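Trainee: I am new to this structure. Could you show me how to read its features?
Mentor: Gladly. Have a look, then ask away.

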Amino acid sequence: MDSNAKPQILAIDCVRFASASLVVAFHYLAIFPLAASSATRFYDPGLSLPGGAAGLGWFGWVGVEIFFIVSGYVIAMSAATAGQASFLRRRALRLAPAAWVCASATALVLLAGSTLTPGAIGIHWLRSIFFIPFGAQIDTAYWTLGIELCFYLFVALWLREGRDNAPRIERVGLGIGLLSAAYWTVAILAGLSPDQAAKTPFQLLLMPHGAFFALGIALWSIRARGATATRIALAALAVATGMVEIWFRTKTMVDVAGADPNPAAPILAFGIAIIVISNAHLLQRPLARTIGAGRLATIGRMTYPLYLLNQNIGAAIIVLLCHAGVPGWAAMLAAALTVLAMAYGVAVVVEPTARRWLAAILSSRRGPVRDIPPSASPRAG
């Protein structure tokens with residue numbers, strides 16, 4: 001273990017896993033039963049699933065926005081004393097191995113039973129393992145990885161070896177926070193639709209989601225460097241901008257939430273996440289005492305593969321069980337438990353092996369790569 005590694009933040013592990021669980025609930029309770037573009041359509045276009053619980057899960061997409069807050073917080077913490085090369089190598093070790101494993105598993109499941117052609121699956125798989133953000137990928141969950149990569153690059157551009165990089169990271173947070181606020185101001189004044197406001201080029205420039213990364217950076221800065229007027233103002237601006245983004249995205253949920261979806265539920269989840277992250281230091285001992293640091297570390301590592309595996313593989317399991325006569329609600333529960341078990345296997349066994357392999361390759365070229373504590377990974381999402 002790296003002697004300079006940042007300590008595990010137990011509340012961050014809890015928030016990350018809760019966010020992934022929100023995304024799973026969104027897919028299983030709302031998207032699979034009600035959305036025309038559901039992943040279950042790849043296996044059985046005519047399958048009907050019970051949608052009575054959609055009201056409990058339709059807002060689970062906000063888990064992705066919460067992932068971005070966590071990413072801003074953790075990246076600010078881990079990059080404060082890192083140089084460009086070490087920072088990017090650490091991010092590669094956290095992002096790539098699990099994505100390669102999960103993308104390959106998803107591709108095999110699609111090849112085994114979906115209506116997609118092998119050629120299309122192969123192209124989607126290649127886009128996913130190379131993190132190409134344009135065009136269809138092996139699972140729609142991968143759209144967030146391109147945004148994460150762009151955030152990492154923006155941060156890396158400001159890092160300097162052997163220096164305290166915290167002030168530079170704060171400037172990154174201020175820049176992307178102001179850019180995001182300006183973007184949403186223009187979007188509102190121009191009367192953009194939610195779909196127009198979420199175009200991929202805008203996303204890669206962190207315009208729609210930059211406020212969430214900026215909020216994470218601001219929360220870390222306030223905790224680690226003290227509350228100042230500038231930091232509090234950035235946090236407040238990021239919260240306000242984040243609420244605008246959530247309101248806009250809520251308007252796209254008509255198919256799964258009704259004719260007039262109410263943004264109160266996703267905004268409430270957003271607010272709870274902010275409170276927990278802001279008070280993570282106060283929750284450290286109670287969480288360690290009641291749940292245990294080791295268990296929470298495992299839960300934190302499971303978040304990323306759970307996010308990447310739950311949709312297309314879960315849909316395949318649901319369709320298979322329904323064809324075998326299992327009731328829809330039981331099939332969805334069984335699928336959720338199965339992908340949870342798969343996420344555990346990837347996090348504990350498969351991904352560490354792939355990460356050691358990649359670390360060995362990077363070490364042979366650039367020198368040793370130190371290990372990273374579980375909470376240093378921002379993913380989900």
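Trainee: Which residue follows helix 5, and what is its phi?
Mentor: Phenylalanine 131 follows helix 5, and its phi is positive, near 55°. Keep in mind that this is a predicted model.

Trainee: How many residues does helix 5 have, and how far does it reach?
Mentor: Helix 5 covers residues 118-129, twelve in number. From first C-alpha to last it reaches 16 Å, close to the 16 Å expected at 1.5 Å a residue.

Trainee: Which residues of helix 5 are buried?
Mentor: Start with the general idea. An α-helix has 3.6 residues a turn, so residues three or four places apart point the same way. Now the case here. The buried residues of helix 5 are Ile121, His124, Ser128 and Ile129. Seen down the helix axis, they fall within an arc of 125°, so they line one face of helix 5.

Trainee: What covers the buried residues of helix 5?
Mentor: The cover includes helix 4, residues 84-113.

Trainee: Let me stay with helix 4. Is threonine 106 buried or exposed?
Mentor: Threonine 106, which is found in helix 4, is buried, because its relative accessible area is 0% and buried means under 20%. Set aside its neighbours within four places in sequence, and threonine 106 is in contact with Ile138, Leu308, Leu309, Asn312 and Ile313.

Trainee: Next, the nonpolar core. How many residues does the largest one have?
Mentor: The largest nonpolar core has 112 residues. Phe87, Phe151, Val155 and Ile318 have the most contacts inside it. Helix 3, residues 62-79, gives the largest share of this core, with 13 residues.

Trainee: What is valine 155 in contact with?
Mentor: Leave aside its neighbours within four places in sequence. Valine 155 is then in contact with Ile75, Ala79, Phe87, Ile169 and Val172. There is also a second, separate core of six residues, among them Tyr183, Ala187, Ala197 and Phe248.

Trainee: Which residues lie nearest the centre of the largest pocket?
Mentor: They are Thr140, Trp143, Gln203, Arg249 and Met253, out of 46 lining residues.

Trainee: Which helix supplies the largest share of that lining?
Mentor: Helix 1 does, with four residues. Helices that each supply at least two residues include helix 6 (143-156), helix 9 (200-204) and helix 11 (229-250).

Key
Residues are numbered from 1 along each chain as its sequence is written. This is a predicted model: local features need pLDDT of at least 70, side-chain atom pairs count only at pLDDT 80 or more; totals for chains, interfaces and linings use all residues. Side-chain values use heavy atoms; hydrogens and water are left out. A nonpolar core is a set of buried Ala, Val, Leu, Ile, Met, Phe, Trp, Tyr and Cys residues joined through side-chain atoms within 4.5 Å. Buried means under 20% relative accessible area, exposed over 50%, partly exposed in between (1.4 Å probe, protein chains only). Contact means heavy atoms within 4.5 Å. The expected span of a helix is 1.5 Å times one less than its number of residues. The arc is that of the directions from the helix axis to the C-beta atoms. On a 1 Å grid over the protein atoms alone, a cavity is a set of points where a 1.4 Å probe fits but cannot get out, and a pocket is an open set with protein on both sides within 12 Å along at least five of seven lines; lining residues have an atom within 4 Å of a point.
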